[in-house]
Amino acid sequence: MNQTEETHLRHLFDGEPILNVYNDEIINLSVGAPGPDLLQLCVSNMRQATEHRLLAEEREGKYYLFQYGITAGLYECRRELAKFLSRRYLDSVDGKDLILTCGATHGLQLLLCSVVSPNGVIFVEEVTYMIALNVFKQFPLMRIVTVPMKLGVVDLDAMEKIVADEKERGEYLIDEEKIFWAVFYTIPTYHNPTGMTLSPENCKRLVSIARENSLLVACDDVYNLLRYEDVEDPPQRLFYYDNPCDPEYRGGNVVSNGSFSKILSPAIRLGWMECGSRVCGVLKQSGIMKSGGAVNHYVSGVVASLLELGLEDSYLNLLIRTYKERLESLCNILDRYLPRCCSYRRPEGGYFVWISLPVGTNGEHFIRWCQEKYKVTAIPGSRFSNAGRSENHLRLSIAFHKNDVLEKAVKTLCTALLDYARNEIATTGNDTRTANED
Ligand SMILES: Cc1ncc(COP(=O)(O)O)c(C=O)c1O
């Protein structure tokens, strides 16, 4: 039998030196995760929260935190989370609408295998979170259908037609659990990778498209709380627009899939889904959820204390201050140095900036060349496209590096883009027209 040796990897980005975000020899702007300067604060926060929770367990003397939990997730955690989200969203969130998960990825997988037809359709935006595309490929009986985008968000005119066509086309298996023939996976707020947010008008329209077509909208809401603009009416999650008081309400067509990964630590593996009663009902009966009690029950107890003690609020405030500064620095560099043949739109929150290169430029080719010559890397657009399009784009992340490293890297990237546009495009035969506006 062949024995393969296991390499001692330390984190998800370990392995290839060129993609290792901890490797100082090349600056990696790909990674959507916090760096050590931010994560170090988790030590004292988690210590305090753990101490608080364990003392409470000892006081009560039943040690339920070490027992199988309840299916929807620890009551105290959902109660504290509901209070926290209500404060942060400026909209009331009810603990009974929350189901705890092991993060947004787990939430998405759970939705796909619990409430969507096994031979159904998954609608995705032209560019989307690249690993969600990998998740979808694990459901080979479902068809993945791409919906075009306009100005960095879903094009609802196109979507309406595509959904109607697909609905006509198939015979989808529906029963009392698989209640939706199709799901639209979207990131309406501070999109990954475009950074853009769906307007309130479009949110309303998307909800009515979903209701009229019995579609589930699975909103990946992991960036919603990372808002850097002080505005009177901040963007609301799409869930807000699926209001049970509306006469057209159909029991809930939207799920808000949230996570502590971007607002606390990715390793915590705790998230939540805010769902209407139909979806909640199915999930609470899910064998996978029931068999394990709650998912991540112990951690939910610690996080309940973290929320109760106000530690999560102060940590999130710090993250917002830090990321706001980073985004500003990065955009200021782009405003000054990005070659005129490229363009971008300044996001108001989240982790990512999406750069358009001249139409016809192969972003993958550019990135390989840039890694070699300039020791900077980012993710080329085609990685985010189910159809392998959008190749003339790059995604930059503000999450990992401190300001000084980020500024240096983005300036270098701009120099590289100019060098490439002047010297490489002609020799590779790429088009050099000005950047498109998609
Ligand atoms: C849009 C989006 N969804 C989900 C995730 C992963 O979330 P989680 O760690 O909660 O599974 C990421 C991480 O980069 C993301 O960008």
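Predicted model: local features only at pLDDT ≥ 70, side-chain atom pairs only at ≥ 80, totals over all residues.
Modeller: A residue counts as buried if 20 or more other C-beta atoms lie within 10 Å of its own, and as exposed if 12 or fewer do.

Biologist: Is Tyr190 buried or exposed, and where does Tyr190 lie?

Modeller: Tyr190 counts as buried, because it has 25 C-beta neighbours inside 10 Å, and its place is the loop between strand E7 (180-186) and helix H7 (200-212). By contrast, Tyr63 has 10 such neighbours and therefore counts as exposed; that residue sits in the loop between helix H2 (41-60) and helix H3 (75-89).

Biologist: How should I read the backbone angles, and what is phi of Tyr190?

Modeller: Most residues other than glycine have a negative phi, and most peptide bonds are trans. Here phi of Tyr190 is near 50°, a positive value in a residue that is not glycine, and Tyr63 likewise has a positive phi, of about 55°. The loop between E7 and H7 also holds Pro193, which is joined to Asn192 by a cis peptide bond with omega of about 15°.

Biologist: Turning to sheets, in what order do the four strands of the open sheet stand?

Modeller: Strands of a sheet pair through backbone hydrogen bonds, either parallel or antiparallel. In this model the four strands follow the order E11-E12-E15-E14, with antiparallel pairing, and the edges are strand E11 (343-344) and strand E14 (379-380), each of which pairs on one side only. Strand E15 (residues 393-397) is joined to E14 by two bridges, with Leu394 as the bridge partner of Pro380, while five bridges link E15 to strand E12 (residues 352-356), where Phe352 stands opposite Ser397.

Biologist: Which residues of E15 are buried on one side and on the other?

Modeller: His393, Arg395 and Ser397 are buried on one side, and Leu394 and Leu396 on the other, so that both faces are covered; five of the five residues of E15 are buried.

Biologist: Which domains is the protein divided into, and how many residues does the contact take from each?

Modeller: The domain assignment gives domain 1 (17-30 + 322-428) and domain 2 (53-311), whose centres, taken over C-alpha atoms, are separated by 30 Å. The contact takes 21 residues from domain 1 and 21 residues from domain 2. On the side of domain 1 that touches domain 2, helix H11 (311-337) and E12 are the elements that give two or more residues, and the residues of that side divide into nine nonpolar, six polar and six charged.

Biologist: Finally, how many residues surround the ligand, and which are the closest?

Modeller: The ligand is surrounded by 13 residues, the closest being Gly103, Ala104, Thr105, Ser259 and Ser261. By class, this shell has five nonpolar, seven polar and one charged residues.

Conventions
Residues numbered from 1 in each chain as written. Near = placed C-beta within 6 Å. Nonpolar A, V, L, I, M, F, W, Y, C, P; charged D, E, K, R; others polar. Pairing = 2+ DSSP bridges. Domains from an automatic or database assignment. Contact = placed C-beta atoms within 7 Å.
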